[in-house]
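Here is a short briefing to read alongside the sequence and the model. Points are grouped by topic.

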Amino acid sequence: WYQRRVRADCSGSSCTVQFSNSEWGTAFNMSVKAKTSYFALADSENYWIGLGLSEKGSMESSQITLCTKNGDDISVVQVGGFSHGVSPTSIEPSLTSKVTVKKEDDYITCEFMLHKSFFDTENKYLFIGAGPVEDNLILYHYATPIVSEEKFSFSEENEGSKAYSTITDFRILLHASAMITGYGIFLVVGIYTSRYLKPIFDSAWYRIHTSIIYGMVFIVAVGLASILLKQRTITTNVHELIGFLIIFLTIFQIILGSCRPYKKHQGRSCTIFLHLFIGCFLLILVVVNIFLGLSKTELNIPNHILAIQGIYVIWIVFGSIIGNEVLKHLYKNDHVVYVKKLKLYTMINIGVILMYGCTIIILLNVVE
């Protein structure tokens, strides 16, 4: 079995897709399974499930076999990579046999015999995807297919495949990297500056704070644009809903901070408190949403990246926030010593924040 596992202990219903093959003389017995909940096909009566073989790990020049169920008609067809506007070619009956397509237990399954002469059996990357069939049309590119993290050998045992794969879509990778950089680094440093670094920078803290936040907005805009270009439609999953709430609060925070009353105005203290409260709430939402994004089953991010994210959150709470409050309390009667200690502690905090950002973004790009 080749199993694209959502965790290292993936088995049975916890797997997103599954593939197996065995040799039967001059043919291969193929079995492809895809989880209906992942591909949003739980209510679809007509559907397709596809197996792609690729030399490069991309759709270019890939060889794709689709099992389709359209009413009572069940067939196996072949399409090529980048098949926009290209009609599928039916595989000759002499090359296939024992075709079954069914849906049960949250899985679509296709099993069929395919003659070895039909395709090149050298080691290839596997693509597994699924989608609906509507009005006798196969809706290609309905969802991003699952891609194996390494080449698959049809002639060898493939137990022990790795439990995760890299993010193969550049737009998803750009979105994740930009959001982690913008909200995970710039927002944290911006809040840290406004909350704790006033004794170091005096009146210049505000310009530093706003410069950091505007830099964050630019990076976040790039991340938002990349994922919107990929999806082109807005869905209502929790990660996206929280994401748009974060974007709204970010815009509101910038307007609120820019339009705060002058110092002697009676509403200034309320505005500053509201700005602080929303900022803290925004940081909590960011932490939750980064975890939701990294935990998406289709990305299959390995546990050690999630662990790094968890350690970073613990450091922000205890190292940055509580640590600075303790430091402020210990040296509240000696401003000079407090500023010296604060400079050293700030260097440590900024170092941890930058190390977190570089580490997690590098791991997202080179994970194997």
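Is Cys110 buried or exposed? In this predicted model, Cys110 is buried, because its relative accessible area is 0%. Its disulfide partner is Cys67.

**Cysteines**

- One disulfide is counted in the model.
- It joins Cys67 to Cys110, with an S to S distance of 1.9 Å.
- The bond links distant parts of the chain: Cys67 sits in strand β5 (residues 63-70) and Cys110 in strand β9 (residues 107-115), 43 residues apart.
- The torsion about the S-S bond of Cys67 and Cys110 is about -70 degrees, so this disulfide is left-handed.
- Cys67 is buried too, because its relative accessible area of 2% falls under the 20% limit.
- Cys270 counts as exposed, at 55% relative accessibility.
- Cys358 reaches 47% and counts as partly exposed; the exposed class begins over 50%.

**Nonpolar cores**

- In soluble globular proteins, nonpolar side chains tend to be buried together.
- The largest nonpolar core here holds 35 residues. Tyr183, Leu187, Leu294 and Leu364 touch the most other members.
- Six helices are listed as giving two or more residues to this core: α1, α3 (205-231), α4 (238-258), α5, α6 (303-330) and α7 (335-366).
- Helix α1 gives the most, with nine residues.
- Beyond its neighbours up to four places away in sequence, Tyr183 touches Val188, Met216, Val220, Ile246, Ile247, Thr250 and Val286.
- A second, separate core has 24 residues, including Val17, Ala34, Leu114 and Ile128.

**Helix α1**

- Helix α1 covers residues 170-196, a run of 27 residues.
- At 1.5 Å a residue, it should span 39 Å. The end C-alpha atoms of α1 are 37 Å apart, which agrees.
- α1 bends by about 25 degrees at Phe186.
- Of its 27 residues, 20 are buried, so α1 is largely enclosed by the rest of the structure.

**Phe39**

- Phe39 lies in the loop between β3 (27-35) and β4 (47-54).
- Phe39 counts as buried because its relative accessibility is 1%.
- Leaving out residues up to four places away in sequence, Phe39 touches Val17, Ala34, Ile128, Gly129, Ala130, Tyr142, Ala143, Thr144 and Ile146.
- Among these contacts of Phe39 are Val17, Ala34 and Ile128, which belong to the second core.

**Asn289**

- Asn289 is part of helix α5 (residues 268-294).
- Its relative accessibility is 7%, so Asn289 counts as buried.
- Setting aside neighbours within four places in sequence, Asn289 contacts Val238, His239, Ile242, Gly243 and Ile246.
- Ile246 is a contact of Asn289, and Tyr183 touches Ile246 as well.

**Ile200**

- Ile200 is found in helix α2 (residues 198-201).
- At 23% relative accessibility, Ile200 counts as partly exposed, because buried means under 20%.
- Beyond its neighbours within four places in sequence, Ile200 is in contact with Val339, Leu342, Lys343 and Thr346.
- Ile200 and Tyr338 are 138 residues apart along the chain, and their C-alpha atoms are separated by 9.9 Å.

Conventions:
Residues numbered from 1 in each chain as written. Predicted model: local features only at pLDDT ≥ 70, side-chain atom pairs only at ≥ 80, totals over all residues. Heavy atoms only, no water. Helix = DSSP H or I, 4+ residues; strand = E, 2+ residues; numbered from the N terminus. Buried < 20%, exposed > 50% of the residue type's maximum accessible area, 1.4 Å probe, protein only. Contact = heavy atoms within 4.5 Å. Expected span 1.5 Å × (residues − 1). Bend = angle between axes of the 7 residues up to and from the residue. Core = buried A, V, L, I, M, F, W, Y, C linked by side-chain atoms within 4.5 Å. Disulfide = S-S within 2.5 Å.
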